[in-house]
Amino acid sequence: MTFEFDRDGVSRRVLLRAGAGLAGSALVPGMIMPVFAEDKPAMGTWPAGSQGSTVTIGAAVPRTGAYAAQGEDELKGMELAIEHINSGHELIKKIAPKVNNGVLGKKVALVVADSGAKPNNAVQAQQRFINENKIVAMTGSTSSAVAVALNKFAEREKILYLVAISGSNDTTGKDCARYSFRQCFYGETAANAIGPVLLKNFGKDKKAAFMTPDYTYGHTVTKSMSEFLEKNGGWKMVTNQVSPLGTSDFSQYLTNIANSGADFIVNVNWGRDAVLSVQQAKQFGLTPKMKMVIPYQIPFLAKEVGAELTEGVFAATDFWWTLEDKYPLAKLFVQAFSKKYGYMPEWGAENAYMQFAIWARMVTEAGSFYPPDVIKQYEKGETFPSMVGDVHFRPQDHQLVRPVVIVRGKAPKDMKNKEDYWEVLEVVDGAPLMQKPDAFGCKLGPYT
Amino acid sequence: MVNWGNLISQMFNGLVLGMLLALISSGLTIIYGTLGVLNLAHGAMFMLGGYAGWLAFTYTHSFIAAVVVGSLFVMIVGIVMERVIIRSFYDRPHEDQILVTFGIGIVFVEAVRFAFGSLSKIVPPPEMLNGIVNLGFMFYPKYRLALLVIVAVALLVLYIVLYRTKLGMIVRAGIEDAGMVDALGINVHKVFMLVFGIGAMAAGFAGIVNAPVVAVSPDAGESILVQTFVVVVIGGVGSFPGAILGGLIAGEIISITSMFNPGYAYVMLFAAMTLVLVLRPYGLLGTAGRD
C-alpha cells in the first residue's frame with residue numbers, strides 16, 4: 001500500500017531525452033559511438049546521467065510505516081542540501097568549496113519514492129530511477145536492512161550509494177561496498193561512546209534488559225552494547241526481548257522485562273517502535289524505576305513521547321541542535337533548517353544534509369562524475385569540516401571517522417525552550433571508538 | 001523468564017489482547033455469516049475508528065465523546081459502504097467481493113495518511129484511568145484493566161442484540177438461510193444494512209478504545225486484520241461465540257509463547273490455526289456446511 005511519485009518532472013524528461021538520444025545513436029550503423037577515454041568505459045549510468053544540464057539523485061525513504069517520521073526528516077535534509085548546492089550557500093561552500101551554483105556546472109535534482117523501510121521496495125524504486133532518470137547517485141534508508149540491500153545493489157549497478165540512517169555494524173562491516181559510504185555513527189561507535197558514560201554514572205555489575213528489533217541493526221547494536229558493558233563493567237544481560245519491526249503492542253515483551261529483575265532497559269527499538277515501547281514501559285510502571293538507555297537515538301522521540309518520559313534517559317546520537325554553540329557549521333545548519341521548516345533539525349536531517357554535502361565535495365574535487373574517480377576521491381581520506389568538527393573517511397571500509405554525541409534527556413523544568421529536550425554531555429572523538437577496519441569482515445568490491 | 005509469576009502475568013496480557021481480538025473478530029464474523037461477504041476493509045475500519053475518535057478528542061478533550069464519535073462514524077461508513085458498493089456484490093463471486101473490500105481498505109488507509117500524515121496520534125486515557133495498579137503478581141496499567149471491562153461490556157451488548165432481540169433473531173436466521181428469511185416477508189436488505197453497520201461499529205469501537213494503548217497510525221489495521229482472520233478461522237466462520245473463543249485462544253497463544261520467545265508467537269498462532277483447519281475445518285464452534 002504505497003504511493004510513489006517523482007519530483008521535478010521537467011528534468012526527468014530532459015534526462016530521458018538525453019538517454020534516448022544516446023541509445024539511438026548507438027543503433028545507427030556506421031555511426032561512431034561517442035568516444036570516452038580508453039580507461040573510462042561507460043558503466044552504470046555514466047556518462048548518460050551527467051550529460052544534461054542536471055544530475056539527479058534518487059532517494060528511497062520510508063514515508064509510510066514505523067519509520068515514516070524519520071524518513072520525512074531525512075527528506076528535509078536532502079532538500080535543503082540540494083537547495084544549498086544549487087544556490088551555492090555559505091554552509092555548503094565550507095564543506096565543498098568548489099560547489100558553484102551546482103556541481104561541475106550542473107544543477108542537482110532529487111527524485112523520491114516511498115520505501116516503507118522495506119528493502120525490496122527500495123531496490124525497485126532505485127532500479128526505476130536508474131532506468132528513467134539515469135541517477136548519478138542514490139540515497140535513503142532508515143533501516144539498515146534497506147542500507148545493506150542498497151549496498152549490494154549499488155555494487156552491482158555501479159551507482160554511488162550515500163547511506164542515509166543506518167546503525168548496523170554490517171553496513172560498513174561484513175556487508176560493506178565499494179560504491180557505498182556512511183556518514184553517521186553506528187552500533188560499535190555508539191556502544192564505545194555511551195558505555196563509559198554509563199559506567200561512570202551508574203557503576204559496575206548492573207543488570208540490563210535489552211529490547212531489540214529483529215534485523216541487522218537491532219542485533220548488531222545489541223551485540224556491541226552488551227559486549228562493551230559486560231567486558232568493561234561486568235553488566236549482565238538478563239533478557240533480550242526481540243520484536244519485529246513495526247510492533248505496536250509491547251505488553252508481552254515488557255511483562256518479561258518486569259519479571260527479569262533488570263535495573264536498566266537498553267532500548268534499541270527505533271522509529272515508532274521506540275515511541276510506543278518507551279510509552280508502554282512507563283504505562284507498565286517499568287520506568288523510571290528501571291533506567292532507560294537508548295544507544296541509537298531516534299529523531300523526534302522526545303517530541304513524540306514528551307520530555308517527562310525522556311528525562312534522565314542517556315542516548316548516543318549523531319547530532320543535536322544545541323551543538324550550534326560549539327560548532328560554527330552546526331549553527332549555520334540549524335539557522336537555515338529552522339528558517340525553512342520552522343523547527344530545530346534532528347540528526348536524520350543532519351546526516352542527509354552532510355551526505356549530500358560530502359558527495360558534492362567529492363565530485364567537485366575529483367572534477368568528474370565517473371564513479372571510480374569519485375570513489376577514489378572519498379578514499380583519499382582527506383580531512384574536511386562537518387557540523388561536529390573535522391572528519392575524514394576511512395578508505396578500508398568507507399566509514400566516516402566522526403565523533404559520537406552523548407546526550408541526556410532534560411527534565412521539563414530545565415528546558416530553556418520547547419525543543420530543548422537533550423543536554424549534550426560529551427562529544428566523544430570518533431577514531432578511538434571504531435573497530436579495526438577488517439574486524440567486522442569488510443571486503444570492498446571492485447571499482448569497475 | 002519462565003516462572004509462575006511471569007506465566008500468570010502473560011496469561012493476563014493474553015486475556016486483554018484476546019478480548020480485544022474477540023470484539024474485532026465478532027464484527028467480521030457476523031458480517032460474513034449474514035451477508036456472505038468477507039470484508040477485507042475491516043482492519044481499515046478499526047483504524048478509522050481510532051482516527052475519528054482522535055479527531056473528536058482533539059476538539060472536545062472528552063474520551064467518552066471520542067468513543068461515541070469513533071464508533072458511530074465507522075458505523076455510518078459501514079452503512080454507506082453497504083448501500084453504495086457492497087450491495088451490488090452480493091451476487092458476484094467471492095473473489096470480486098474480496099477485491100472490492102480490499103480496495104476500499106486501501107482507499108481508507110491512504111485517505112487517512114493523506115489527511116493526517118504518517119506520524120502516530122496519541123489519545124490519552126481518561127484522567128481517572130491513568131496510572132498503574134498493583135495486581136500482586138505484576139503492575140498493570142489501569143487503562144488496560146479498564147479495557148477488559150469495556151470490551152466485556154461491548155461483547156455483552158452485542159450478545160444481547162444478537163440473541164435477545166427480534167433483530168438478532170432475524171440476523172441469526174439470515175445466517176442459516178437468507179433466502180428463507182426473505183421468503184417470510186422480512187426485508188432482508190434492511191437487515192443486511194444494519195448488520196454491516198453493527199459489524200463495522202464493533203471494529204470502530206475497538207479502534208478507539210484501543211487507541212490509548214498503542215496510539216493510532218494509518219497502517220494500524222493491517223496486522224489486526226490478519227489476526228482477526230485467524231481468530232475467525234479458529235472459532236468458526238460466522239459464529240459469534242466462536243469469535244470470542246477464538247479471540248481468547250489467540251490472545252493466550254500469543255502471550256504465553258512470548259514468555260518463552262516472542263519470535264515464535266505468530267508461528268504458534270498459525271500452527272494452531274492449521275491444526276484447527278485439519279481437525280475441524282469449520283472451526284471450533286462453526287457449523288459444517290455453511291459457506
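Chain A contains 14 helices and 15 strands, where helices (H or I, at least four residues) and strands (E, at least two) are DSSP runs numbered from the N terminus. The structure is a predicted model, in which local features need pLDDT of at least 70 and side-chain atom pairs count only at pLDDT 80 or more, whereas totals for chains, interfaces and linings use all residues. Residues are numbered from 1 along each chain as its sequence is written, and chains are lettered from A and ligands numbered from 1 in the order in which they are written.

The radius of gyration of chain A is 22 Å, which agrees with the value near 22 Å for a compact globule of 448 residues; the radius is taken over C-alpha atoms, and the globule rule is 2.2 Å times the number of residues to the power 0.38. Along the principal axes, the C-alpha atoms of chain A fill a box of roughly 80 × 40 × 35 Å. Of the 448 residues in chain A, 58% are buried (20 or more other C-beta atoms within 10 Å of the residue's own, with C-beta atoms placed from the backbone).

In chain B, the axes of helix α8 (residues 220-235) and helix α10 (residues 265-279) come within 9 Å and cross at roughly 30°; axes are lines fitted to C-alpha atoms, for helices over the stretch in contact, and angles run from 0 to 180 degrees between N-to-C directions. α8(B) is therefore roughly parallel to α10(B) (angles under 35 degrees). Val230(B), Val233(B) and Ile234(B) of α8(B) are in contact with residues of α10(B) that include Leu269(B), Phe270(B) and Met273(B), contact requiring C-beta atoms, placed from the backbone, within 7 Å.

Key: A residue is buried if 20 or more other C-beta atoms lie within 10 Å of its own, exposed if 12 or fewer, and partly exposed in between; C-beta atoms are placed from the backbone. Angles under 35 degrees count as roughly parallel, over 145 as roughly antiparallel, 65 to 115 as roughly perpendicular and the rest as oblique. Two residues are in contact if their C-beta atoms, placed from the backbone, lie within 7 Å.
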